[in-house]
Amino acid sequence: MTPPSSVPPPFGRALCAMVTPFTDNGQLDLDGAQRLAGRLVDGGCDGLVLSGTTGESPTTSDGEKSALVRAVVEAVGDRATVVAGVGSFDTRHTAELAAQAEKAGADGLLVVTPYYSKPPQDAVEAHFREIADASGLPIALYDIPGRTGTRIEPETLLRLAEHPRIVAVKDCAYDLMGTQKVLARTDLAYYTGCDEYILAMYAIGGVGYISTVANAVPRQLRAIVDAFDAGDTTEARRLQQRAMELIELMMGAGLPGTVTSKAVLGELGLPGGPVRAPLRPAGREATDGLMAAYETLQ
């Protein structure tokens with residue numbers, strides 16, 4: 001079976017929204033980031049998304065973001081794409097971050113809808129066009145209205161798809177009707193950002209996923225799309241359903257995915273370290289539940 005979309009995936013199929021490792025005293029851990037990046041690529045990730053929400057971008061400085069890109073690019077070489085999260089609620093600052101990420105060696109950009117200020121759709125469109133013009137890198141738009149307060153409406157996406165550097169969407173809008181409308185009328189590559197939708201999005205024409213849960217189980221999530229590509233849809237469904245307990249605990253049990261990812265990584269002795277305030281670490285009960293679900297997938 002050929003992949004469900006005729007669009008070549010611009011950043012690969014299996015991407016991890018990687019946590020940003022910190023040392024015990026809260027400093028950026030570049031050595032840990034390189035080790036974690038290598039583990040994720042060895043586990044089947046085609047690409048790594050840095051400095052997204054999972055990467056605690058609201059609490060890392062511009063200099064830390066650039067240093068992280070450089071370190072991870074050095075670690076993974078040409079084995080995986082490196083996509084830098086550069087979105088903010090400030091168009092000028094976002095454009096500066098885009099140019100900075102390109103200089104640091106990123107292969108692409110993830111740009112979230114401006115948040116909090118709730119701009120109208122014409123302003124959303126203008127924002128994304130300005131960022132697309134700020135560097136020569138391909139861009140994935142990040143549609144997550146539950147966090148930003150503003151949807152990228154399907155009609156806006158149809159217009160933005162005309163820009164040559166806007167090539168993909170990370171979809172967390174929970175609107176399969178709108179998603180399929182855009183899929184049917186554009187060449188935008190759709191990645192689900194919701195781990196519970198990996199198989200569903202892939203089956204309707206998406207090209208893959210950008211996963212927080214992949215920090216913990218990269219190989220097990222990659223197996224879902226590999227089974228689908230091999231034509232074994234029954235196995236793909238079994239693997240998706242088997243992963244759902246861990247997905248729910250990591251993403252739907254009241255703790256941010258950054259917190260749950262770092263809890264699992266810490267228990268495994270892998271780089272992650274503490275979270276930065278205002279986030280707080282997972283408690284013992286939550287961590288024990290996460291690890292029990294993790295063990296069922298091994």
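Which residues in helix 10 meet which residues in helix 11? In this predicted model, Leu249, Met250 and Met251 come from helix 10. Their partners in helix 11 are Gly257, Thr260 and Ser261. The residues of this contact divide into 3 nonpolar and 3 polar, with no charged ones.

Now look at the two helices themselves. Helix 10 covers residues 233-251, and helix 11 covers residues 257-267. Their axes come within 7 Å and cross at roughly 120°.

Move along to the next pair. Helix 12 spans residues 284-296. The axes of helix 11 and helix 12 come within 10 Å, and they cross at roughly 70°. Angles from 65 to 115 degrees count as roughly perpendicular, so helix 11 and helix 12 fall into that class. From helix 11, the residues in this contact are Thr260, Ala263, Val264 and Glu267. From helix 12, they are Arg284, Thr287, Leu290, Met291 and Tyr294. By class, the contact has 5 nonpolar, 2 polar and 2 charged residues. Find Thr260 again: this residue of helix 11 meets helix 10, and it also meets helix 12.

Between helix 11 and helix 12 runs a loop, and Pro278 lies in it. Check the peptide bond that joins Ala277 and Pro278. This bond is cis, with omega at about 20°.

Next comes Glu56. Glu56 lies in the loop between strand 2 (47-50) and helix 2 (62-76). Its phi is near 60°. That is a positive value in a residue other than glycine. Is Glu56 buried or exposed? Its relative accessible area is 2%. Buried means under 20%, so Glu56 is buried. What does its side chain reach? A polar atom of that side chain lies 2.8 Å from the backbone nitrogen of Arg276. Leave aside the neighbours within four places in sequence, and Glu56 still has several contacts. Among them are Thr20, Phe22, Thr258 and Lys262. Pro274, Val275, Arg276 and Leu279 are also in contact with Glu56.

Compare another loop residue, Tyr116. Tyr116 is found between strand 4 (108-112) and helix 4 (121-132). Phi of Tyr116 is near 70°, again a positive value in a residue other than glycine. Its relative accessibility is 75%. Exposed means over 50%, so Tyr116 counts as exposed. Glu56, in contrast, is buried.

How many aromatic pairs does a search of the whole structure find? The search finds 4. A pair of aromatic rings is described by the distance of the centres and the angle of the planes. Phe89 lies in the loop between strand 3 (81-85) and helix 3 (91-104), while Tyr115 lies in the loop between strand 4 and helix 4. The pair therefore ties together parts that are 26 residues apart in sequence. Phe89 counts as exposed, at 53% relative accessibility. Tyr115 is partly exposed, with a relative accessible area of 28%.

Step into helix 4 and find His127. His127 is buried, at a relative accessible area of 2%. Its side chain makes a polar contact with the side chain of Thr91, at 2.7 Å. Beyond its neighbours within four places in sequence, His127 is in contact with Ser88, Asp90, Thr91 and Thr94, and also with Val111, Val112 and Pro114.

The last stop is Ser211, in strand 8 (residues 208-211). Ser211 is buried, with a relative accessible area of 1%. Leaving aside neighbours within four places in sequence, Ser211 is in contact with Leu15, Cys16, Ala17, Asp195 and Leu221. Finally, find Leu48. Ser211 and Leu48 are 163 residues apart along the chain, and their C-alpha atoms are separated by 9.5 Å.

Methods
Residues are numbered from 1 along each chain as its sequence is written. This is a predicted model: local features need pLDDT of at least 70, side-chain atom pairs count only at pLDDT 80 or more; totals for chains, interfaces and linings use all residues. Side-chain values use heavy atoms; hydrogens and water are left out. Axes are lines fitted to C-alpha atoms, for helices over the stretch in contact, and angles run from 0 to 180 degrees between N-to-C directions. Helices (H or I, at least four residues) and strands (E, at least two) are DSSP runs, numbered from the N terminus. Contact means heavy atoms within 4.5 Å. Ala, Val, Leu, Ile, Met, Phe, Trp, Tyr, Cys and Pro count as nonpolar, Asp, Glu, Lys and Arg as charged, and the others, Gly among them, as polar. Buried means under 20% relative accessible area, exposed over 50%, partly exposed in between (1.4 Å probe, protein chains only). A polar contact is a pair of N or O atoms within 3.5 Å; within protein, one must be able to donate a hydrogen and the other to accept it, and residues adjacent in sequence count only if both atoms are side-chain atoms. Rings of Phe, Tyr and Trp (its six-membered ring) pair if their centres lie within 6.5 Å; planes under 30 degrees apart count as stacked, over 60 as edge-to-face and the rest as tilted. Angles under 35 degrees count as roughly parallel, over 145 as roughly antiparallel, 65 to 115 as roughly perpendicular and the rest as oblique.
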